[in-house]
Amino acid sequence: MTVCGQLDQGVQAGQQPAVGGWHGGPFHEVGGRAAAACHAAPPVRRGVRQSVDEANGNPEGVGHVTQMIRLLGPPAIQRDGRPVRPPRGRKAWALLAYLLLADRPPSRRHLAELLFADADDPLGALRWTLAELRRALGAPGLFGGDPVANGLAPGLEVDVLKLAAEPADPASLLGLEGELLEGVGVAASPAFESWLVVERHRIAAVVEARLRHAALGLLAGGRAGAAVAYASTAVARNPLEEGNHELLVRCLAAAGDRPAALRQVAVCEDTLRRELGVEPSPAPRDAADASAGAPAGLPVSGRAAVASQLEAGRAAIAAGAVQAGIDSLRRAVADADACADPALQGQALAALGGALVHAVRGRDEEGAVVLHEAIRLATLAGDRETAVTAQGELGFVEVQAGRRQTAEAWLARAEALADTDVQLAPILGVRGMNASDVADYPAAFEHLRESVERAERGGDARQQAWSLSLLARAHLLRDERSQAASALGRSLELVQQQRWMAFLPWPQALKGELELRAGRLAAAGERFEHAYALACQLGDPCWEGMAARGLGLLRATVGDHAKATAWLEEAHVRCTRVSDRYQWVRGHVLDAMVATAIDQHDHARAGPLADGLAALAARGGMRELVVRAHLHRGRLGDPTALASARLLAGSIDNPALARLLDGGPGRP
C-alpha cells in the first residue's frame with residue numbers, strides 16, 4: 001500500500017512487541033520508598049505572554065473577567081456574556097489573532113508588510129486597525145509601542161490562550177467549537193494565510209489533547225461515565241486517530257456499557273478502512289474486552305506476592321518474554337489491590353504502565369490509563385518517587401504523540417517532584433527530546449546536557465547514552481557534524497559497554513546519516529543495514545523507520561531512484577504500523593520522501609506528500625518540519641511558499657535551516 005493513502009493519521013495493523021529502545025524507556029523502575037506528599041507543579045505555558053497585571057507584579061489581576069475574546073469559531077467579543085460590536089475592517093480579526101498568538105511582540109514594519117502591503121499607506125492602515133481594536137475592546141492602552149506590546153489588559157481573556165493551562169473546570173472544553181478565526185481569510189496575504197493554516201492545525205491538536213487529558217483523568221479516578229463525553233468529543237474532532245476511538249471504547253467498557261463499546265469498535269474499524277485504507281490495530285477491540293490491568297485468576301494477598309510478581313515481570317520483559325512479563329505485572333496489580341495499600345498499588349500500576357508504554361507497541365492508550373491511576377494512588381499515599389516516575393512516563397507518551405503542552409505539563413510536574421540525579425536525568429532527557437522535536441534548540445541543548453551530566457553523576461550509563469543520542473540528533477539537524485559525531489561516539493561506546501542491543505539501532509541509524517553526509521557510502525550502508533536488521537528483529541517501528549529512511553537516502557545518493565522510493569515507502573509503512581507512533585520520526589521520513597520525489601521530478605507524488613507533512617507537522621508543533629514543507633512547496637513552483645517559510649521559521653535557531661531560507665546550497 002502506498003503512503004499517500006495514509007497521510008492523515010494513518011495506522012498499520014500487525015504490530016509486534018519491542019523490548020527496549022525508546023521503548024526500553026528513559027525512566028527507571030519504581031522503588032518502594034514513600035516520601036513527602038506530592039505537589040503538582042503548574043504546567044509550562046510556552047508562547048503565552050504575560051498579562052499587563054503579571055508584568056506589573058499583580059498576577060491575580062484586578063476584579064473579575066468581564067470581557068472574552070473568542071477566536072475559536074466565528075470570532076467575537078463578549079462583555080459580561082453578551083456580544084459587543086466587533087472591530088471594523090476585514091483585517092482587524094487577523095491582526096488581533098496574530099498579535100495574541102505571537103511568541104514575541106512583532107514590529108510594526110513586520111505587521112504592516114504581513115497584512116497591509118496592498119494598502120497605499122501600510123503603516124497608516126496598521127495604525128488605524130490597532131486603534132479600532134482598542135476601541136472594540138474598550139482598552140485604550142493596548143497594543144502600543146514598536147514592537148507592538150501584546151499583553152492583555154485587566155478584565156480581558158482569550159479563549160485560545162486559556163488552553164495553555166489545564167482548565168479548572170474541564171467541562172468548558174466541551175463547548176469549544178469551530179476552528180481558529182472561522183470564516184476569516186486574507187487572500188492578499190499568502191504568508192498570513194499560511195500562518196493561519198498552521199495555527200488552526202496546532203490549536204485543534206491542543207483542544208484534542210486537553211479533551212483526552214480530561215477523559216483519562218476521569219477514567220483513572222473511577223468516573224468512566226463522565227469521561228465518555230470528553231472521549232467522544234475527541235473522536236468527533238479527529239475521527240481518523242485510532243487512539244481517540246480506543247480511549248472512547250475504554251471509557252464505555254469501564255462504564256459498564258459493553259454493547260456501546262463494541263459499536264464504537266465497529267465505527268473505528270469502518271472509519272479507518274474507508275478513509276485511510278488501513279486495517280485498525282487490535283487495541284480498540286481489546287479495550288472493549290477487558291479493563292486495564294485485569295489478570296486472569298484469583299489474586300494472592302501480601303506484599304511479598306506483589307514484589308515477586310513485579311520482579312518476575314521485569315525479568316521476563318528484559319529477557320524478551322514480553323507477554324509473560326506483562327501478565328506477571330498484571331498479576332502484581334491484582335495482588336496489590338488485594339492488599340488495599342495505595343502506595344503498593346501505585347507502584348504496581350506504575351510498573352505495568354511503564355511496561356505497556358515501552359515494551360509493547362500499540363498499547364500507549366492502556367498504559368496512559370494505568371499511569372493516571374498510579375499517580376492518583378501515589379499522591380494519596382504521599383509516594384513521591386512513584387509519582388515522579390509515572391508523570392515522567394506520561395510526559396514521554398505525550399511527546400511521542402506530538403501533544404506538546406500536555407507533555408510539558410507532565411514533565412514539569414515530574415521535575416518539580418524529583419530530587420535526585422537519577423530521577424532528574426530521564427525527565428530532562430525527555431524535555432530535551434520534546435524541545436528538539438519543536439526546533440527549540442537552545443532549550444534542547446540545555447536539557448540534554450544537564451541530563452547527560454546528571455546521568456553520569458548518578459551512575460546511569462544507559463540514560464547517559466540515551467540523552468547523548470538525542471543531543472547528537474539535535475546537532476545533526478543543525479548540520480553540526482563534528483559535535484554530532486562526538487556525542488554519538490560516546491553514546492555508541494556506552495551502548496556497547498552496556499550491551500544494550502535493544503537501543504543500538506537508533507544511534508546506528510544516526511551514525512549512518514553522518515557517514516552518508518561525509519560521502520562514506522560503504523560505511524553508511526553498513527550502519528543502516530545493521531540498524532535495520534536489528535530493528536526488525538526487535539520489532540521496533542521507530543528504529544525500523546529510521547533505518548529504512550537511511551537506506552532510501554543512500555539509494556537516492558547513488559541514483560537508484562526506484563529502490564530509493566521503495567525504501568522510503570517502506571520506512572513510512574514501518575514507522576506508522578502502530579497507533580502510538582513517534583510522530584517526529586514519521587515527519588522526518590515524510591520530509592525525505594518529499595525531497596526525493598522532487599529530485600526525481602515526480603511532482604504529482606511530491607505534492608500530496610508535502611501537504612501531508614505540513615498538516616502532520618502543524619498538529620504536532622514540529623515547527624522546522626512545517627518550514628521544510630513550505631520549502632518543498634517552493635521547489636514545486638509555489639511562488640509564495642518561500643515568504644511563508646521565512647515567516648513560519650520565526651525564532652528557530654538553526655544555521656542549516658537559515659542557509660536554505662536564504663537560498664544557500666543544499667535542499668530541504
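Tutor: A crossing of two helices is called left-handed if the near helix is turned anticlockwise from the far one by less than a right angle, and right-handed if it is turned clockwise. Helices (H or I, at least four residues) and strands (E, at least two) are DSSP runs, numbered from the N terminus. The model is predicted, with local features needing pLDDT of at least 70 and side-chain atom pairs counting only at pLDDT 80 or more, while totals for chains, interfaces and linings use all residues. Residues are numbered from 1 along each chain as its sequence is written, and side-chain values use heavy atoms, with hydrogens and water left out.

The part to look at closely is a pair of helices, α23 (residues 541-557) and α25 (residues 583-599), which pack at an angle of about 15° with their axes 10 Å apart. Here the axes are lines fitted to C-alpha atoms, for helices over the stretch in contact, and angles run from 0 to 180 degrees between N-to-C directions. Because of that angle, α23 is roughly parallel to α25; angles under 35 degrees count as roughly parallel, over 145 as roughly antiparallel, 65 to 115 as roughly perpendicular and the rest as oblique. The crossing of α23 and α25 is left-handed. On the α23 side the contact (heavy atoms within 4.5 Å) is made by C542, G545, M546, R549, L553 and A556, and on the α25 side by W584, V585, H588, V589, A592 and T596. Sorted by class, this contact of α23 with α25 has eight nonpolar, three polar and one charged residues, where Ala, Val, Leu, Ile, Met, Phe, Trp, Tyr, Cys and Pro count as nonpolar, Asp, Glu, Lys and Arg as charged, and the others, Gly among them, as polar.

A second pair can be set beside it. The axes of α14 (residues 364-381) and α15 (residues 384-401) come within 9 Å and cross at roughly 150°, an angle that makes α14 roughly antiparallel to α15. The crossing of α14 and α15 is left-handed. D364, A368, L371, H372, A374, I375 and A378 of α14 meet T386, A387, A390, Q391, E393, L394, V397 and Q400 of α15, and by class this contact of α14 with α15 has nine nonpolar, four polar and two charged residues.

Elsewhere in the model, four strands form an open sheet of mixed pairing in the order β3-β2-β1-β4, in which two strands pair if DSSP finds at least two bridges between them. Its edge strands, each pairing on one side only, are β3 (82-83) and β4 (156-158). Helix α4 (residues 122-137) packs on the sheet, where it touches β1, β2 and β4, and its direction makes about 35° with that of β2.

Within the sheet, β1 (residues 67-70) and β2 (residues 76-79) run antiparallel and are joined by four bridges; M68 has Q78 of β2 as its bridge partner, and I69 stands opposite I77 in β2. The hairpin of β1 and β2 has five residues between the strands, among them G73 with a positive phi near 80°. Strands β2 and β3 pair in the antiparallel sense over two bridges, with R82 in β3 as the bridge partner of R79. D80 lies in the loop between β2 and β3, and its phi near 55° is a positive value in a residue other than glycine. Strand β1 pairs with β4 in the parallel sense over three bridges, and the partner of Q67 in β4 is L156. In the loop between α4 and β4 sits P147, and the peptide bond from D146 to P147 is cis, with omega near 5°.

Finally, a word on confidence: pLDDT, the predictor's confidence in each residue on a scale from 0 to 100, averages 89 over the protein, and 88% of the residues score at least 70. Over residues 1-20, however, the pLDDT is below 50, although this stretch has 90 contacts in the model beyond near neighbours in sequence. Residues 28-63 stay under 50 as well, with 80 contacts beyond four places in sequence. Where pLDDT is low, the predicted coordinates should not be read in detail.
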